[in-house]
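Work through the exercises below with the structure open beside you. Try each task before you read its solution.

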2 protein chains.
Amino acid sequence: MRIIAADRFELKREVEYGTPEQNQAVREIVEAVRTEGDAALLRYTERHDGVRLQAASLRVTEAEITAAYDKVDAAFLTAIREAAVNIRVFHEKQKRYSWMDLQPDGTLLGQMLRPLKRVGVYVPGGKAAYPSSVLMNVIPAQVAGVPEIVMVTPPATGGKEGIDPYILVAAAEAGVKEMYRVGGAQAVAALAYGTASIPPVDKICGPGNIYVALAKRTVFGAVDIDSIAGPSEIVVLADETADVGYVAADLLSQAEHDEMASAILITPSASFADGVKAEVERQLALLPREPIARKSIDDYGAIIIVGSLQEGVGVINRLAPEHLEIMTADPMEWLGQIENAGAIFLGAYSSEPVGDYFAGPNHIIPTNGTARFSSPVNVDDFLKKSSLIRYSKEALLANGDKIITLARHEGLEAHARAIEIRLERERGGN
Amino acid sequence: MRIIAADRFELKREVEYGTPEQNQAVREIVEAVRTEGDAALLRYTERHDGVRLQAASLRVTEAEITAAYDKVDAAFLTAIREAAVNIRVFHEKQKRYSWMDLQPDGTLLGQMLRPLKRVGVYVPGGKAAYPSSVLMNVIPAQVAGVPEIVMVTPPATGGKEGIDPYILVAAAEAGVKEMYRVGGAQAVAALAYGTASIPPVDKICGPGNIYVALAKRTVFGAVDIDSIAGPSEIVVLADETADVGYVAADLLSQAEHDEMASAILITPSASFADGVKAEVERQLALLPREPIARKSIDDYGAIIIVGSLQEGVGVINRLAPEHLEIMTADPMEWLGQIENAGAIFLGAYSSEPVGDYFAGPNHIIPTNGTARFSSPVNVDDFLKKSSLIRYSKEALLANGDKIITLARHEGLEAHARAIEIRLERERGGN
C-alpha cells in the first residue's frame, strides 16, 4: 500500500459509459420491449439468461416464496429481520408531511407531499445478488408510502434452482408482493414502458451490470432512476490513538468489493501509517478474496500523510468519499467541518459493515465524488411535492398590478390579461 | 380549440434530444473548455455570441450592476423586490435541519444536512431572459444556505448594451455577487470543470436552448444538474360555476409561451366547453403573440369532456400536468385525489400568473408528465445529506454476530472480519 503526501495524491475516478456496441445493444433491447412488449421481453430473456419462459410464468408465485423460506438459514433470517426493523426505524425518522401556510385573507400556500405510486427495484443476479441491498432499496420506498413496489431479478440467480431463495426472502421480509423473473436491459425497459404482464413504474432503482446501467440512462425521463453507482470507496481519518488492526480490517472490507474499489487512510502519523501498511499486508494474505482486494489496494489504495488532522479534513472534502470513518481521539471534533461524505462512521466501534448491514442508515451512498451534491438513498427519493396556491380575491386585488407589471416586462401579455380580466371584473363590481 | 371525449384524448409529448450534429458540436465545445479552459471559453464566445472578450473582462463588474439599476423601471423594481420577499418566505418554510437519534448505550444515528457549496445558475439570452426565473433559481439555493451562487448569461442579451439590465438587477436583488458574461455550451462546461477565471460548481441549474440542455446532460455526473424542461403545460378542471372569461384567459396565458405549449380544459359540461371555446377564440384574436398562441391551441390544446369531475381527476392523474387549475364549486374537494400535478391553483383568483411571478411557490415545475416523480424547484434541491453512525461498544457486542452472519452470507469475508477483530479484542478483554 503506497504512502504518499497529501499534495501529491490524486484519486483516480472512472465512470463507465459503456462501449458503442453495448450502447447500441441496449438501445435495441429497450426499443424492442417498448414496441413489442412481452414478446421481446421473453425473447431477450431466453437469449441472455438462457431461460425459456411464458408470459404467464414471469411472475414469481406465492408458493415459490413460501418454498424459499424453507431453504434459508435460520440465523440469516433472524439477522435480516432485525436489520429490516433497524432500517425501517431509521427511515421512519425521515418522513415528511404536507404543509400549508394560511393567511388571514383566505390565501393558502403550501406543499403537498405524496409518495410515488409505483416503484421498480432491480436486483442483479450472480455474485452481486445481495439480500441487504434489497432491504436498502425497498424499505425507504415503503416508508415513503409507495403503494406498489415491484422487484425484478434475473430468472436463474440461484442457478438451476431459479431465483436465489435469499433474495426472495429478503424481498418478502421487506414487504414486496410483486416479483418478476426478468433481468438485464429488457427488465428495465419493461418497468419503464410496461408490457401486458408488467405494468409500468414511476421510478427504477437498484444496481446492475453495465447493460442495466445503460438501460436506466436510456429510459430516464420516461421514468425516474436512482443514481448510477461507481466503484465503492472508503476514507479513514485516523490518528495514532486508533487501533491499527481495526483500521486495516476496515480498509480491506472496502477493497474486497471490487478491483476498482478504493481504500484510503489519511493520518498525520508516519509511524501509524507504517503500522497500518504492515497490518494490511498481514490481513490481506489471509483473505479469501485476496486477489481482488490486493489489486484494489495496489491500484486505488493509499495512505496519505497529512501535516495535521485539520489538513486531513481538507483532503476529505476534496475527495467527497462514499464512506468516511473517523477514528481519532475525539471524532465529533471534526464533524462540523466535514462538508462532503456520503456516510460518516464515528469512533472505533463504527466499522463500515455496521452500516452496510445493520445499524439502519442506508448503504446505497453516492460514489465517485458525487457526495458533493447527492445523498444516500432516503425517503425523499420516493416522495414528490406539488405546490399549492389558493389566492384570495383580496390578495389578487392587492397584488394584481404588480403581477401585471412583471408579466408585461417579460412580453407575456396573455399572462397580464389573465390577471387584468379578474381585476376589471372584481374592481368594476360586475 | 378541439372538443374531445376523455377516452379519445392522448397528450402529445415531445422531448428534445438534439440532432447528431448538435450533440457532436456540444461534445467538442465541452471537451475544449475542459482541457483548454479560458482560451476555449473566449474562442467559443467570440464564435457564437460575436463578442470578443478577455479573461479579465468575463466577470460583470460592480459598476455595471450599479449602472443597471439606473436603467430599470421603478414599478418593475418595486414589484420584483416584493416578489423576491414572497419567494423567500415560501422557501424558508421548506428549510430542514440535521437530526440525530441518541440511544442510551451511546449509539448515535442521524442525518447531517448541508447546503451545496457552489451553484451555477444559467440565464439564457434573448426572448427567454426572464428576471422572474433568476429569482426562482437563485432564492431556493440561497435559502438552503449555498454560500457561493454564480450566474452566467450570454454577453449580449441586452444587444449592444451588453447584458440585459433587468437580468442584472434581478440577480443582484436575489443576492448574486458573482456573475459572468458567458453563455451556451461553453458556459456550462466552464461551470462544470472550472477555468482559470471561473471556479467549478457542484450543481448547474436554469433553462437554456438545446445546446445548453445537451451540455448539461453531458456534464451530469461531474456536477449535478436540474431537470431539463419541456414545453409548458396547463390543465384546468372546471365546472359550469367557473367564469368562462377567466378560464379562457388562463389557457391562453400558457399557450402564448410556445407553439408546443399545451393548454387543456377538462369539464363535465358541454355548454361550458362551448362557452370557453368561443371565448378563447375571442381573446386569442386580440393577443400580441396570437400566432404562437394559436398554433399551440390548434396543435396541443383541447377541451376534454368528462362524465363527471371525478372522471376528470383520473384524466389529470394520467396527464400529470405541470400546472393544474381547479375552478369548481369547491376546489378543495378534489385536492385529496390529485396524485400528479406540479403546481395546483385553487379557485377563481389563483390564476397561473399569480404563481409564475408573485405568490412565492417556485415557477420551475416538472413538465412532460414528470410530475409523476419529480417536484418544483425547492430548497431540498440544494441540500445534501450525510448519514451519521456512531456505534457504541455495547451495540457492537450485542449485534456483531448478526452483522457477521449477513456479511458471510454475501461472501464478503473481510466485512465479517472487520467486525470479528473487534469482537475478539473486546470480548477477549485484550
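## Exercise 1: a strand and its neighbours

Task: In S11(B), which residue is the bridge partner of Leu265(B)?

Solution. This is a predicted model.
- Start at Leu265(B). Its bridge partner in S11(B) is Ile303(B).
- Now widen the view to the strands. S10 of chain B, residues 262-267, runs parallel to S11(B), and four bridges join them.
- Turn to strand S1 of chain B, residues 3-5. It pairs with S11 of chain B, residues 302-305, in the parallel sense over three bridges.
- Find Ile3(B). Opposite it in S11(B) stands Ile303(B).

## Exercise 2: reading a sheet

Task: In what order do the five strands of the open sheet in chain B lie? Why is one side of strand S6 and of strand S8 left without a neighbour?

Solution. 
- Recall the general rule. Strands of a sheet pair through backbone hydrogen bonds, either parallel or antiparallel.
- Write down the order in chain B: S6-S5-S4-S7-S8, with parallel pairing.
- Look at the edges. Strand S6 (178-180) and strand S8 (224-225) of chain B stand there, each with a single partner strand, so one side of each has no neighbour in the sheet.
- Check one pairing. Strand S7 of chain B, residues 203-205, pairs with S8(B) over two bridges, in the parallel sense.
- Name a residue pair. Ile204(B) is opposite Ile225(B) in S8(B).

## Exercise 3: the interface of two chains

Task: How many residues does each chain bring to the contact between chain A and chain B? Which three residues of chain A supply more of its buried area than any other three?

Solution. 
- Count the residues. Chain A gives 113 and chain B gives 113.
- Take the area. About 9900 Å² is buried between chain A and chain B, and carbon and sulfur atoms give 59% of this.
- Pick out the trio. Tyr349(A), Ile389(A) and Arg422(A) supply 8% of the area that chain A buries against chain B, more than any other three residues.
- List the polar links. There are 67 residue pairs in polar contact between chain A and chain B, both residues being at pLDDT 80 or more.
- Helix H16 of chain A (residues 413-428) gives its largest share, 10 residues.
- Sort that side by class. It has 57 nonpolar, 28 polar and 28 charged residues.
- Find a strand pair across the chains. Ile344(A) has Leu388(B) as its bridge partner in S14(B).

## Exercise 4: salt bridges

Task: How many salt bridges are found across the interface of chain A and chain B, and how many does the structure hold over all chains?

Solution. 
- Across the interface there are 16. One joins Asp380(A) to Lys385(B), with the closest N and O atoms 2.6 Å apart.
- Over all chains there are 54. Among them is Arg81(A) with Glu173(A), at 3.0 Å from N to O.
- Trace that pair along the chain. Arg81(A) lies in helix H4 (residues 74-92) of chain A and Glu173(A) in helix H6 (residues 165-174) of chain A, 92 residues apart.

## Exercise 5: domains

Task: Into which domains is chain A divided?

Solution. 
- Read the bounds: domain 1 (3-12 + 230-359), domain 2 (20-225) and domain 3 (392-428).
- Over C-alpha atoms, 60 Å separate the centres of domain 1 and domain 3 of chain A.

Technical notes
Residues are numbered from 1 along each chain as its sequence is written. Chains are lettered from A and ligands numbered from 1 in the order in which they are written. This is a predicted model: local features need pLDDT of at least 70, side-chain atom pairs count only at pLDDT 80 or more; totals for chains, interfaces and linings use all residues. Side-chain values use heavy atoms; hydrogens and water are left out. Contact means heavy atoms within 4.5 Å. Buried area is the accessible area (1.4 Å probe) that two parts lose on being put together, summed over both. A salt bridge is a side-chain nitrogen of Lys or Arg within 4 Å of a carboxyl oxygen of Asp or Glu. A polar contact is a pair of N or O atoms within 3.5 Å; within protein, one must be able to donate a hydrogen and the other to accept it, and residues adjacent in sequence count only if both atoms are side-chain atoms. Ala, Val, Leu, Ile, Met, Phe, Trp, Tyr, Cys and Pro count as nonpolar, Asp, Glu, Lys and Arg as charged, and the others, Gly among them, as polar. Two strands pair if DSSP finds at least two bridges between them. Domain bounds come from an automatic or database domain assignment.
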